[in-house]
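Subject: Handing over a structure

Dear colleague,

I am passing on the structure below, together with an account of what was found in it. Please look it over first, and then read the notes that follow beside it.

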Amino acid sequence: MKSAFRALLGLLAGMMVAVAVIATIEAIGHKIWPLPASSGNSKDPAVVAALLAAAPLGALVSVVLAWWAGAAGGAWIGYRFAGEPHARAVGLGVAGVIWLATAANLLLISHPVWMLGAGLAGVPLAGWLAVQGAQARQKRQS
């Protein structure tokens, strides 16, 4: 029971870290590269598509980097919190949830094609690399 509780805590901690990292990096990116002013309803898909089309490249790149960093940071924390025997599954699970959120975002909001590829391929890769790094670190320490 103790390992299941640690796995749940690892999942929750990993998700909290992932969301915090994504929000922080996106906020910094949008501070550096502000989005153009919107004159329409921000819930209208056409208005959002026009806004993204006019967005500076740096703003879009910072969003993709935020997804990658969030998946990696969340997976790392999830792995470290969960402990064995669930560490790998929890770390990859956090990255999987971030991947699902990224995919939903990409489906609901029209993004440039390069963001689609970078998000759908990069998020799971970042999570996997973080778990691999956490495993390697754990092996070095033991």
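A nonpolar core, as the term is used here, is a set of buried Ala, Val, Leu, Ile, Met, Phe, Trp, Tyr and Cys residues joined through side-chain atoms within 4.5 Å, where buried means under 20% relative accessible area. Please keep in mind throughout that this is a predicted model.

With that term in hand, the largest nonpolar core has 19 residues, and those with the most contacts inside it are W67, I98 and M115. Helices α1, α2 (45-54), α3 (57-82), α4 (87-108) and α5 (113-141) each supply at least two residues of this core, and α3 gives the most to it, with six residues. Apart from this core lies another one, of seven residues, among them A87, A95, V131 and A134. As general background, nonpolar side chains in soluble globular proteins tend to be buried together. Returning to M115, and leaving aside its neighbours within four places in sequence, this residue is in contact with L60, V63, V64, W67 and L106.

Overall fold

The protein has five helices and zero strands, and the pattern read along the sequence is accordingly α-α-α-α-α. Its C-alpha atoms fill a box of roughly 55 × 30 × 25 Å, taken along the principal axes. Of its 142 residues, 33% count as buried, while the accessible surface comes to about 8,000 Å², of which 73% belongs to carbon and sulfur atoms. Among contacts between residues at least 6 apart in sequence, 78% join residues at least 24 apart.

Helix α4

The buried residues of α4 are A87, V90, G91, V94, A95, I98, T102, A103 and L106, and what covers them includes α1, α3 and α5. One of these residues, T102, counts as buried because its relative accessibility is 3%, under the 20% cut-off. Not counting residues up to four places away in sequence, T102 touches W67, G119 and V123; W67 is also among the residues with the most contacts inside the largest nonpolar core.

S62 has its place in helix α3, and it is buried, with a relative accessible area of 6%. Beyond the residues up to four places away in sequence, S62 touches I25, G29 and W33. I28, for its part, is in helix α1, and at 48% relative accessibility I28 counts as partly exposed, because this value falls between the 20% and 50% cut-offs. Although I28 and S62 are 34 residues apart in sequence, they are 8.3 Å apart in space, C-alpha to C-alpha.

The nonpolar surface patch

Which residues make the nonpolar surface patch of about 550 Å²? The patch is made by F5, L8, L9, L11, L12 and F81, and helix α1 (residues 2-32) gives the most to it, with five residues. L9 lies in helix α1 and is partly exposed, with a relative accessible area of 37%. F81 is found in helix α3 and, at 44% relative accessibility, also counts as partly exposed. Not counting residues up to four places away in sequence, F81 touches R6, L9, G10 and A13, so that L9 is one of its contacts as well as a member of the patch. In the other direction along the chain, the C-alpha atoms of F81 and G91, which are 10 residues apart in sequence, are separated by 9.2 Å.

A cis peptide bond

The peptide bond from E84 to P85 is cis, with omega near 10°. In general, most peptide bonds are trans.

With best wishes

Definitions and conventions: Residues are numbered from 1 along each chain as its sequence is written. This is a predicted model: local features need pLDDT of at least 70, side-chain atom pairs count only at pLDDT 80 or more; totals for chains, interfaces and linings use all residues. Side-chain values use heavy atoms; hydrogens and water are left out. Patches are made of residues with over 30% relative accessible area and no salt bridge: like charges are joined within 9 Å, nonpolar side chains (Val, Leu, Ile, Met, Phe, Trp, Tyr) within 5 Å. Accessible areas come from the Shrake-Rupley method with a 1.4 Å probe; for residues, only the protein chains shown count as cover. A salt bridge is a side-chain nitrogen of Lys or Arg within 4 Å of a carboxyl oxygen of Asp or Glu. Helices (H or I, at least four residues) and strands (E, at least two) are DSSP runs, numbered from the N terminus. Buried means under 20% relative accessible area, exposed over 50%, partly exposed in between (1.4 Å probe, protein chains only). Contact means heavy atoms within 4.5 Å.
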